[in-house]
Amino acid sequence: ELEENQFVKNLCTFKTEYFLREVHQVIPIAKGINLVKSINDNTKVIVSNNHLDVVLKVLKAHKLTRYFAYIVCADYAYCVKTRKKVSVTGKGKPFVEAYEEVSDYFGVPKMTIYVGDHKEIDGAFAEGLNAKFVLV
């Protein structure tokens, strides 16, 4: 079991190792996945501009799916517990429409902290949700 914030720590380590080694086949997990953490009840959500099948494939390959409650992607949103998949009609990051649509549908708590790897896109997304942005 991962300790608190271990996913973020592992992601930072992973990205550092990548940039030092320049191993191109492993960067998609760092590039395509962003961890969202809500302080209120520790709900963990992934918000990605990738397609759901890509994100699920990466999470399953690294045995990380169980650490998240929801996945919001460019095409679909997914509840890990119920395995319910819904189509997303709103615009994705940096816009907040898709996230808000999914948040309303699944009852995801208000986001207070957003951790991402792209300063402009993820920063604008966090700002749109009035959440604190942490760049990794």
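Select Val47 first: its bridge partner in β3 is Val72. This is a predicted model, where local features need pLDDT of at least 70, side-chain atom pairs count only at pLDDT 80 or more, and totals for chains, interfaces and linings use all residues. Residues are numbered from 1 along each chain as its sequence is written, and side-chain values use heavy atoms, with hydrogens and water left out.

β2 (residues 44–47) and β3 (residues 70–72) pair in the parallel sense, over 3 bridges. Pairing here requires at least two DSSP bridges between the strands. Helices (H or I, at least four residues) and strands (E, at least two) are DSSP runs, numbered from the N terminus.

Next, select Thr65, in the loop between α3 and β3. Thr65 counts as buried because its relative accessibility is 15% (buried is under 20% relative accessible area, with a 1.4 Å probe and protein chains only). Beyond residues up to four places away in sequence, Thr65 touches Leu59, Lys60 and Val80 (heavy atoms within 4.5 Å).

Finish with the cores, sets of buried Ala, Val, Leu, Ile, Met, Phe, Trp, Tyr and Cys residues joined through side-chain atoms within 4.5 Å. The largest has 20 residues; Val45, Val47, Tyr99, Phe106, Met111, Phe125 and Leu129 touch the most other members. β2, β3, β4 (76–79), α4 (97–106) and α5 (119–128) each give two or more residues to this core. α4 gives the most, 4 residues. Then pick Ile46, Val55, Leu56 and Val80, among the 13 residues of a second, separate core.

Conventions
Buried means under 20% relative accessible area, exposed over 50%, partly exposed in between (1.4 Å probe, protein chains only).
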